[in-house]
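Student: Please take one part of this model and go through it closely. I want strand order, pairing and packing in one connected account.

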Amino acid sequence: MKRVFISRNLKPSSPIRKVLGNHTFLDISLIRFGKLDFEAPQADWIFFYSRNGVRYFFQDNNYELYPFLWACMNEGTADELSHYVTNISFVGNGTPNEVAQSFKIEINTNQVVCFIRAKNSMDSILKQLGESHHFSIPVYTNDPIDGAPDQSFDILIFTSPLNVDAWFKSNPYKNEKVISIGNTTADHIKESIGITNVIVAEHPSEEAIAKRLKQIL
């Protein structure tokens with residue numbers, strides 16, 4: 001029996017739960033979220049990095065009535081956005097470099113894109129577009145919690161750089177196997193913690209994490 005930690009609250013239908021079976025696991029986010037005030041953006045496109053960005057953007061607002069073109073980082077974010085708007089014009093595959101290249105082709109050079117992000121966001125797609133007229137606004141806070149669980153695990157699964165910071169702020173590396181949801185998080189683990197043998201999911205999704213997890217259980 002393995003003991004597994006994942007920095008995300010898993011839904012009952014999560015493929016990760018199915019792979020874990022009778023193994024012991026703890027699924028909990030190490031990030032505290034909160035709403036920020038913001039003004040209605042003046043833009044042609046609204047681009048969402050995450051499900052949380054969608055939720056906080058539309059909380060108490062009727063922006064679905066605005067004539068925006070809607071874009072999302074990945075399918076999960078698009079699924080959340082579909083609860084608020086009918087037409088989504090762009091959905092990326094979740095890999096920052098590939099999303100940036102695909103989105104550049106989708107937009108016209110004179111169109112303005114507003115990226116909806118967390119306070120502590122790497123703003124990965126905006127940085128890669130390289131156009132000064134695009135901008136981003138934070139609509140929610142995402143701060144690491146103090147005091148990650150003080151337990152021993154065989155496998156650690158991280159879903160964001162902030163979760164990595166929160167975990168290793170309280171826990172030393174004990175030679176656990178480490179799985180990352182994507183290259184951005186994996187690079188952060190390597191650079192900030194010094195762990196080089198990070199197992200990276202093929203795509204930034206729970207299905208891809210489950211596939212990697214199954215290989216090492």
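Tutor: What follows is a close look at the open sheet, and then at its surroundings.

This is a predicted model, in which local features need pLDDT of at least 70 and side-chain atom pairs count only at pLDDT 80 or more, while totals for chains, interfaces and linings use all residues. Residues are numbered from 1 along each chain as its sequence is written, and side-chain values use heavy atoms, with hydrogens and water left out.

Start with the layout. Six strands make up an open sheet, ordered E3-E8-E7-E4-E5-E6. The pairing is mixed. Strands (E, at least two residues) and helices (H or I, at least four) are DSSP runs, numbered from the N terminus. Two strands count as paired if DSSP finds at least two bridges between them. E3 (31-35) and E6 are the edge strands, and each pairs on one side only.

Now the parallel part. E4 and E7 are parallel, over four bridges. Phenylalanine 48 has isoleucine 116 of E7 as its bridge partner. E4 also runs parallel to E5, again with four bridges. Here isoleucine 46 is the bridge partner of tryptophan 70 in E5. The chain gets from E4 to E5 through H2, and this β-α-β crossover is right-handed. Right-handed means that, with the strands pointing away from the viewer, the path from the first strand over the helix to the second runs clockwise. E5 and E6 (residues 90-91) are parallel too, joined by two bridges. Cysteine 72 faces valine 91 of E6. The chain passes from E5 through H3 to E6, and that β-α-β crossover is right-handed as well.

Asparagine 74 sits in the loop between E5 (69-72) and H3 (75-81). Where does the side chain of asparagine 74 reach? It comes to the backbone nitrogen of glycine 76, at 3.3 Å. That is a polar contact: a pair of N or O atoms within 3.5 Å, where within protein one must be able to donate a hydrogen and the other to accept it, and residues adjacent in sequence count only if both atoms are side-chain atoms. Asparagine 74 has a relative accessible area of 18%, so it is buried. Buried means under 20% relative accessible area, exposed over 50%, and partly exposed in between (1.4 Å probe, protein chains only). Leaving out residues up to four places away in sequence, asparagine 74 touches Val91, Gly92, Asn93 and Gly94. Contact means heavy atoms within 4.5 Å.

Move to E7. Cysteine 114 lies in this strand. It counts as buried because its relative accessibility is 0%. Its contacts, not counting residues up to four places away in sequence, include Trp45, Ile46 and Phe47, as well as Phe135 and Ile137. Serine 136 is 22 residues away from cysteine 114 in sequence, yet 5.1 Å away in space, C-alpha to C-alpha.

Next, the packing. The largest nonpolar core has 22 residues. Such a core is a set of buried Ala, Val, Leu, Ile, Met, Phe, Trp, Tyr and Cys residues joined through side-chain atoms within 4.5 Å. Phe48, Phe57, Phe58 and Trp70 have the most contacts inside it. E4 (45-48), H2 (51-58), E5, H3, E7 (113-118) and E8 (135-144) each give two or more residues to this core. H2 gives the most, with four. Phenylalanine 58 touches Phe48, Trp70, Leu81 and Val85, among others, not counting residues up to four places away in sequence. A second, separate core holds 17 residues, including Ala148, Phe153, Phe168 and Ile195.

Last, H4 (residues 96-106). Pro96, Val99, Ala100 and Phe103 are buried there. They lie on the same side of H4, because they span an arc of only 100 degrees around the axis. The arc is that of the directions from the helix axis to the C-beta atoms. Asn97 and Ile105, on the other side of H4, are exposed. The cover over the buried residues of H4 includes E4, E5, E6 and E7 from the sheet, along with H5 (124-129) and H7.
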